[in-house]
Amino acid sequence: MKHYIYIDKEILNSYISQIYGGILERGKAEKELVEKETQEITTPEERIRATIKGGIPAILNSDIETEYDLKEKSMRGVDNSNTSKEVIGKIYHDNLLDNLIEYINNNEKVINNISDIQYGKYVELKLPFNFVNHSYLKSISNNEFKKSFEKIMNATNPGNDKATKDAKFAMELIGNFTTFFDSCFPAKQLIISDNLIIPLDDQFLREKPEMIDFKYGGDIAVIGKVTKDCSRDINVFGLYNREFGKAIEEVRQAMYNLFLPNYKKSFIITPIALYFE
């Protein structure tokens with residue numbers, strides 16, 4: 001079974017729309033779901049665990065077969081309705097993703113080996129889960145954390161001033177890194193390997209970054225597209241002014257040397273989905 005932690009719904013809906021000429025309209029069904037707070041869920045779109053006959057065209061034609069209907073007829077508040085909508089939304093996008101993966105495998109060259117990476121190609125890879133969680137780095141370098149940590153160190157290791165000083169220095173350094181990171185990187189969560197950089201958009205994570213960082217390890221499966229060959233990166237600022245472009249390039253190189261030393265040898269993958277098995 002696949003355990004999805006990330007699905008980019010905007011990319012998914014865009015691809016499906018291009019492939020099939022439209023996506024399932026869910027607004028009406030969701031509105032009805034909220035209105036039926038005290039009723040049994042009866043419409044196909046409002047039934048949990050729907051299975052689809054005939055793939056995406058069947059969705060578009062409303063040809064939906066439910067695996068089983070929700071049996072409970074207890075009172076449902078708005079909160080429960082919202083929870084049901086969230087579950088339905090996840091099932092809906094899981095189904096769309098399965099159909100998109102099938103389409104890509106049948107119509108595109110899909111790369112399954114890191115050594116074969118090419119710009120513009122789709123990938124389905126398994127990688128070590130090297131998760132750079134910027135939220136966590138910020139949480140262990142803020143002033144409140146540092147004060148609490150110092151008090152704990154003084155209480156549990158009295159007289160060990162060197163250890164306390166070293167820890168404070170490390171937290172200060174992390175704080176400076178996170179400030180720098182905030183200014184330079186649009187994605188606050190990354191998955192990285194020797195030659196791959198995978199930026200994540202927080203809104204498409206199915207769990208909080210700190211929980212993902214804590215819960216998961218091993219290998220993660222990545223479905224996406226190679227959207228940048230960093231070896232071909234061009235300093236466009238040099239087109240405006242040579243000296244200005246040179247200054248920007250020096251700052252960028254210093255930044256990459258600190259955070260992404262293999263940047264120039266890397267490819268950036270825009271992820272469609274991430275999952276564990």
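Predicted model: local features only at pLDDT ≥ 70, side-chain atom pairs only at ≥ 80, totals over all residues.

Modeller: Residues are numbered from 1 along each chain as its sequence is written, and side-chain values use heavy atoms, with hydrogens and water left out.

Colleague: How are the rings of Y6 and F204 paired, stacked or edge-to-face?

Modeller: Rings of Phe, Tyr and Trp (its six-membered ring) pair if their centres lie within 6.5 Å, and planes under 30 degrees apart count as stacked, over 60 as edge-to-face and the rest as tilted. The centres of Y6 and F204 are 6.3 Å apart and their planes stand at 85°, so this pair is edge-to-face.

Colleague: And which kind of pair do Y216 and F276 form?

Modeller: Both residues are buried (under 20% relative accessible area, with exposed over 50% and partly exposed in between, using a 1.4 Å probe and protein chains only), with Y216 at 17% and F276 at 7%. Their ring centres are 4.7 Å apart and their planes lie at 10°, so the pair is stacked.

Colleague: Which residues do ring pairs link into a cluster with Y216?

Modeller: The structure holds six aromatic pairs. Through ring pairs, Y216 is joined in a cluster with F276, F129 and F131.

Colleague: Of the residues lining the second largest cavity, how many are charged?

Modeller: The lining includes I101, N105 and E124. Its residues divide into six nonpolar (Ala, Val, Leu, Ile, Met, Phe, Trp, Tyr, Cys and Pro), one polar (the others, Gly among them) and, for Asp, Glu, Lys and Arg, a charged count of one.

Conventions:
1 Å grid on protein atoms, 1.4 Å probe; cavity = no way out; pocket = protein on both sides within 12 Å on 5 of 7 lines; lining within 4 Å.
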